[in-house]
Amino acid sequence: MIDRMAAGRKGPVAIAVSGGSDSVALLLCAHDWASRAGRDLLILTVDHGLRPEAAEEAASVVERAAALSHKSRLLTWEGGAPSQAQAREARHRLLAEAAKDAGSELLLLGHTRTDVEETMLMRLARPTTLTASVGPQPVSVSPVWPEGRGLLIGRPLLGLRRPEIMASLSAAGESWISDPSNESGAYERVRIRRLVRGLDEARLHRIAARAMMLRALEDARLAALVGRRVEVDPSGLMSVDLQGCKAPQLLMRRFLALLLQAASGGSRAAPAASVDTLALDVASAGPTSRVTLGGAWIQRRGAELLIGRDPGEARLEWRGGVWDGRYVQGACSLDRPDLPFLVRECVPDAPWKEIVSQRLSVWADALHFGAELGSELAGDYQTPRLSPAQT
């Protein structure tokens, strides 16, 4: 799995390691793979400072990496006590920046099949669809932009369940860190984990596998929509061909959400309810006038949907060599009056090259690759087990 994820990706393969059982198993699997493949690893660990033991645990990961002769970086986050969503975003931002500094194009995370099943149950407790309840995916783009530009996230342990991983590590004499927050009933995931213990295990595996297969099919269709129906001109304006498009409503909703996020140049999706409304509007040959949503402007022109940037939310400055998450420096320097209206007020103050098309291309590739791996994993849900060689 790691071999397929790393194929064609430059630099060392970065691995996020917390010291817990899943990430230790990932480290050992990757170490075994790197020895055979002749690739370098970069071990990244984050001292989040949320528990007194955090610094010591992060230091132990660095020592473990050194014992395996791999380079490592201890990343320190000083953001205080955030929500879980804020902590996740901050962690991804640190990991993406560190991977990028090292020239890595692949970051491996230690999510497992157990995470997929727990996540599915958590999401199904809210209004959602079965395919939307499936996560995380075998591969995905980095959730932080533009810091994660060009960085693929890989999860090679999604075919394995946590109890099997722990049993294999114990049999191999390996130790890991147990985070006490993983036992606290204050967290929804922990409550779900306790609920799972009372469920029919085999039935849960079957349902999760079928949901993964449906998600893979949907992701493949979404990748095709992004790859075939969207064009981006040098100004960064998106043009979406809707002629003969028969995408189901749920798929169209995901398609539009992805395009709006790319047009915004940011990491956050537009509100789901508003995207639902837009998808219904598009299905009815709308919108009939220009719409502002999620940092983007949307305008219908016949069978074509034009998507640009809402100037009211644009970040008109260079940050880390990127303008508003949509341009890098290049050769394009059209006069402002010659630019399409939907992007006219948001272009850089120096010659540029749009990177919206690059972002969409990477997104489509990740969806397609993830669908391929996801369908394989869904069909193999009964057999995953760490081999002695992997531990």
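**Notes on helix packing and a few loops**

1. Starting with α8: at 1.5 Å a residue, its 29 residues should span 42 Å, and the end C-alpha atoms are 42 Å apart, which agrees. The expected span here is 1.5 Å times one less than the number of residues. Helices (H or I, at least four residues) and strands (E, at least two) are DSSP runs, numbered from the N terminus.

2. Before going on, keep in mind that this is a predicted model, where local features need pLDDT of at least 70 and side-chain atom pairs count only at pLDDT 80 or more, while totals for chains, interfaces and linings use all residues. Residues are numbered from 1 along each chain as its sequence is written, and side-chain values use heavy atoms, with hydrogens and water left out.

3. At the start of α8, have a look at Asp-200: one of its side-chain oxygens comes to within 3.2 Å of the backbone nitrogen of Ala-202.

4. α8 (residues 201-229) packs on α9 (residues 249-264) at about 50°, and the axes are 10 Å apart. Axes are lines fitted to C-alpha atoms, for helices over the stretch in contact, and angles run from 0 to 180 degrees between N-to-C directions. The pair is therefore oblique; under 35 degrees counts as roughly parallel, over 145 as roughly antiparallel, 65 to 115 as roughly perpendicular and the rest as oblique. The crossing of α8 with α9 is right-handed, meaning that the near helix is turned clockwise from the far one by less than a right angle, with anticlockwise being left-handed.

5. Who touches whom there? From α8 come Arg-215, Glu-218, Asp-219, Arg-221, Leu-222, Leu-225, Val-226 and Arg-229, and from α9 Leu-251, Arg-254, Phe-255 and Leu-258. Contact means heavy atoms within 4.5 Å. Sorted by class, this contact of α8 with α9 has six nonpolar, no polar and six charged residues. The nonpolar class is Ala, Val, Leu, Ile, Met, Phe, Trp, Tyr, Cys and Pro, the charged class is Asp, Glu, Lys and Arg, and the others, Gly among them, are polar.

6. α5 (residues 113-124) and α7 (residues 188-196) pack at about 105° with axes 10 Å apart, so they are roughly perpendicular to each other. On the α5 side you'll find Asp-115, Glu-118, Thr-119, Leu-121 and Met-122, facing Glu-188, Arg-189, Ile-192, Arg-193 and Val-196 of α7. That contact of α5 with α7 has four nonpolar, one polar and five charged residues.

7. For α2 (residues 21-37) and α6 (residues 162-171), the axes come within 10 Å and cross at roughly 60°. These two are therefore oblique, and the crossing is left-handed. Ser-21, Asp-22, Val-24, Ala-25 and Leu-28 of α2 meet Arg-162, Ile-165, Met-166 and Leu-169 of α6. The contact of α2 with α6 divides into six nonpolar, one polar and two charged residues.

8. The loop between β5 (139-141) and β6 (152-154) holds Glu-147 and also Pro-146. The peptide bond from Trp-145 to Pro-146 is cis, with omega near 10°. Glu-147 touches Arg-93, Ala-96, Glu-97 and Lys-100, leaving aside residues up to four places away in sequence. Its side chain makes a polar contact with that of Arg-93 (2.6 Å). A polar contact is a pair of N or O atoms within 3.5 Å; within protein, one must be able to donate a hydrogen and the other to accept it, and residues adjacent in sequence count only if both atoms are side-chain atoms.
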